[in-house]
Amino acid sequence: MAQKDEYQVDGYLFISKVDRDLALEEKQKIDYFEEKTKGKNKTMLLNLYDSILDQKLFKTPVGLEYLRKLREELIADGYEESQIRPIPLYRNYSYKTGEEIDVSYVKRRVKPSDRREKKVGYLQISVCFNLLLILLVITMFVITMKSDNPNILNYKKQILNEYASWEQELTERENRVREKEQELSMEAPEESEVITDGEDENTGR
């Protein structure tokens with residue numbers, strides 16, 4: 001009898017050490033939650049309740065009893081029973097082997113509250129809106145960068161291009177002047193030779 005009493009937790013007598021240890025772990029979680037939720041508003045309590053159900057933190061009667069008390073506290077704070085998800089029991093109490101268990105009803109009942117679905121909807125809308133803004137900013141940036149008119153984003157590029165154009169034009173002008181000078185320098189010796197030949201002929205005559 002003393003050995004069986006070792007498997008007792010909060011008035012529940014478990015048939016194995018493994019179940020007893022699981023109940024003790026849940027009791028530690030309950031103590032932590034109660035310490036952290038002191039003085040918290042009903043919205044925080046409902047969020048905690050939904051989070052516990054989503055993560056399936058409690059499986060033994062110890063944890064389920066805490067959920068029942070938390071549920072009653074939420075109802076006392078003004079929530080309707082329809083606004084609070086029921087506590088699921090993920091086991092068969094008929095003890096019949098080979099019997100198919102219909103869990104569809106539990107799945108339908110244990111669904112996120114309308115409040116959570118609205119939050120998800122708002123989040124999706126917000127994400128889509130932010131993506132649209134990002135695409136709009138990228139489009140404006142690309143249009144601005146490709147524009148021929150100087151602006152705050154491409155002014156440096158425009159100035160460099162204009163300077164390069166001036167430099168190229170100046171270089172072309174210098175080249176044309178040099179070519180002209182070369183042509184003139186080539187024509188000058190020819191005229192000098194013509195004058196010299198004429199003088200020689202006059203002298204001989």
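**Figure 1. Lining of the largest cavity.** Nine names make up this view: Ile52, Leu53, Lys56, Phe58, Leu64, Leu67, Ile87, Pro88 and Tyr90 line the largest cavity. The model shown here and in the following views is predicted. About 60 Å³ of space lies inside the largest cavity. The count of cavities of 30 Å³ or more comes to one. Helix 3 (42–55) supplies at least two residues of the lining, and so does helix 4. By class, eight lining residues are nonpolar, none is polar and one is charged. Rolling a probe the size of a water molecule over the atoms shows where empty space is left.

**Figure 2. Lysine 56, a residue of the cavity lining with a positive phi.** Lys56 is among the residues that line the largest cavity. Lysine 56 sits in the loop between helix 3 and helix 4. Its phi is positive, at about 50°, although lysine 56 is not a glycine. Is lysine 56 buried, partly exposed or exposed? Lysine 56 counts as partly exposed because its relative accessibility is 48%, between the limits of 20% and 50%.

**Figure 3. The largest pocket.** The volume of the largest pocket is about 460 Å³. Its lining has 17 residues, and those closest to the pocket centre are Lys59, Thr60, Pro61, Arg91 and Tyr93. Which elements each supply at least two residues of this lining? They are strand 2 (12–13), helix 2 (17–36) and helix 4 (61–76). Sorted by class, the pocket lining holds 12 nonpolar residues, one polar residue and four charged residues.

**Figure 4. Aspartate 10 between the two strands.** Aspartate 10 is placed in the loop between strand 1 and strand 2. Aspartate 10 is not a glycine, yet its phi is positive, at about 55°. With a relative accessibility of 48%, aspartate 10 counts as partly exposed.

**Figure 5. Glutamine 8 and leucine 24.** Glutamine 8 belongs to strand 1 (residues 8–9). How far apart in space are glutamine 8 and leucine 24, C-alpha to C-alpha? The distance is 9.6 Å, and the two residues are 16 residues apart in sequence. Glutamine 8 has a relative accessible area of 44%, so this residue is partly exposed.

**Figure 6. A nonpolar surface patch.** Leu123, Val127, Leu131, Ile134, Ile138, Phe141 and Val142 together make a nonpolar surface patch. The area of the patch is about 640 Å². Leucine 123, one of the patch residues, lies in helix 6 (residues 114–146). Leucine 123 is exposed because its relative accessible area is 54%, over the limit of 50%.

Figure 7. Seven helices and two strands are found in the protein. Along the sequence, these elements follow the pattern α-β-β-α-α-α-α-α-α. The protein has 205 residues, and buried residues make up 17% of them.

Key. Residues are numbered from 1 along each chain as its sequence is written. This is a predicted model: local features need pLDDT of at least 70, side-chain atom pairs count only at pLDDT 80 or more; totals for chains, interfaces and linings use all residues. Side-chain values use heavy atoms; hydrogens and water are left out. On a 1 Å grid over the protein atoms alone, a cavity is a set of points where a 1.4 Å probe fits but cannot get out, and a pocket is an open set with protein on both sides within 12 Å along at least five of seven lines; lining residues have an atom within 4 Å of a point. Grid points are joined across faces, edges and corners, and a volume is the space filled by probe spheres set on the points. Helices (H or I, at least four residues) and strands (E, at least two) are DSSP runs, numbered from the N terminus. Ala, Val, Leu, Ile, Met, Phe, Trp, Tyr, Cys and Pro count as nonpolar, Asp, Glu, Lys and Arg as charged, and the others, Gly among them, as polar. Patches are made of residues with over 30% relative accessible area and no salt bridge: like charges are joined within 9 Å, nonpolar side chains (Val, Leu, Ile, Met, Phe, Trp, Tyr) within 5 Å. Accessible areas come from the Shrake-Rupley method with a 1.4 Å probe; for residues, only the protein chains shown count as cover. A salt bridge is a side-chain nitrogen of Lys or Arg within 4 Å of a carboxyl oxygen of Asp or Glu. Buried means under 20% relative accessible area, exposed over 50%, partly exposed in between (1.4 Å probe, protein chains only).
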